[in-house]
Amino acid sequence: MNQIPDTGTLHILNKAPGHPRFVACLAAMSNQDTLILIENAVLALPDTDTVLPRQTLALEPDLEARGLSGTAEPGQQISHQQLVQLTEQHPRIISW
Amino acid sequence: MSTTLSYTLVITGAPWASQAPQTALAFARAAIAGGHRLDRVFLYGEGVHLASSLCAPPSDEPHWPQQWSDFLSDNQIPAVACVASALRRGLVDEREQNRYQLPAHNLRNPFEIAGLGEWVDGTLKSDRVMYFHGSA
Amino acid sequence: MTTLIVIDQAPYGSWAGREALDMVFSLAAFDQPAALLFTGVGVNWLRTAQSAKGVGQKTVEKNLSAAPLFGVEKIFAEQEACERFMPDTSSRLAGIDLVASVKNLMTQYDHVVFAG
């Protein structure tokens with residue numbers, strides 16, 4: 001059993017809001033963690049019922065596909081390239 | 001600046017039933033472009049359907065198994081379908097066809113069939129193990 | 001390297017949970033420290049008196065009770081989900097460690113893995 005790295009955990013979430021694993025993922029997040037919304041999970045951005053963590057990013061192609069680019073704040077959209085960079089920086093990753 | 005890392009990608013979502021193979025392929029391309037190494041792609045559970053040579057989507061639609069095959073061959077990345085997952089779901093190579101006396105084999109090149117030990121090996125040797133699940 | 005395999009899917013409705021079990025047994029077979037965590041509807045795997053013959057499947061109770069023998073270090077279950085689905089403690093399999101905080105448990109493992 002190890003110490004969590006300073007960078008926190010990278011949580012990669014692909015389930016739509018309301019999915020049990022979507023709920024479980026948000027509940028498992030700590031302050032220093034980062035949430036990345038991909039695939040169906042990007043629907044959390046326009047969802048008025050979801051309160052997202054401070055450090056939330058979303059995959060740009062998934063937002064664009066669903067007509068949601070306008071719902072992301074500046075700097076919140078990431079490319080696949082940036083996703084790879086985030087996985088470089090985070091030794092600890094959970095795919096939900 | 002960035003260091004070179006090694007990755008194992010595990011795909012558990014099936015093509016057409018999920019976005020997992022597409023997301024994984026985009027990630028894999030970005031990882032290679034970023035100077036990283038892919039140790040292995042491991043198909044598990046429903047993910048094994050990606051290795052079928054018999055998928056024939058309409059010509060104006062994307063062909064995920066074909067795209068994955070091309071990517072794996074071009075970059076010489078080993079790809080493995082879990083044997084237990086594959087046999088249950090009707091995914092067999094010639095050896096398994098003969099062993100179980102099945103009427104055909106349908107494992108797409110360059111995928112191979114092997115056990116979960118390959119996944120365990122990935123968790124031990126790769127710097128990162130990324131999972132691509134279905135979203136249902 | 002420690003791994004926590006999480007099962008959050010209901011038993012018998014799909015093969016996902018069994019394939020998660022295969023993963024944890026595989027880690028144990030290679031002498032890698034591994035534990036199981038059942039959450040949400042997944043805790044229903046831990047009910048006593050399962051009898052799956054009628055649905056044409058084998059019950060998983062035996063596989064689970066064999067887990068410690070095969071080297072699976074611990075079997076955890078989310079306390080809240082157990083209280084929701086199995087309030088009567090006699091309907092739960094023995095040898096399960098209840099966890100109040102899934103979040104805290106997950107932080108204690110290097111790898112947290114869902115099977116699908």
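**Sheet, interface, helix**

Reply: In this predicted model, chain A holds an open sheet of five strands, ordered S4-S3-S2-S1-S5, with parallel pairing.

Me: What makes S4 and S5 of chain A edge strands?

Reply: Each has a single partner strand, so one side of each is left without a neighbour in the sheet.

Me: How do you know that S1(A) and S5(A) pair?

Reply: Pairing needs at least two bridges. Three bridges join S1(A), residues 10-13, to S5(A), and the two strands run parallel.

Me: How many residues are in contact between chains A and C?

Reply: 11 residues of chain A contact 13 of chain C; the cut-off is C-beta atoms within 7 Å. On the chain A side, H1(A) gives the most, with four residues. By class, that side has eight nonpolar, two polar and one charged residues.

Me: Why is H1 of chain C called mostly covered?

Reply: A residue is buried if 20 or more other C-beta atoms lie within 10 Å of its own. In H1(C), 13 of the 14 residues are buried, so the helix is mostly covered.

Me: What span does H1(C) have, and what is expected?

Reply: H1(C), residues 16-29, reaches 20 Å from first C-alpha to last, close to the 20 Å expected at 1.5 Å a residue. Just after H1(C), Asp31(C) takes a positive phi of about 60 degrees.

How values were computed: Residues numbered from 1 in each chain as written. Chains lettered and ligands numbered in written order. Predicted model: local features only at pLDDT ≥ 70, side-chain atom pairs only at ≥ 80, totals over all residues. Contact = placed C-beta atoms within 7 Å. Nonpolar A, V, L, I, M, F, W, Y, C, P; charged D, E, K, R; others polar. Expected span 1.5 Å × (residues − 1). Buried ≥ 20, exposed ≤ 12 C-beta atoms within 10 Å, placed from the backbone.
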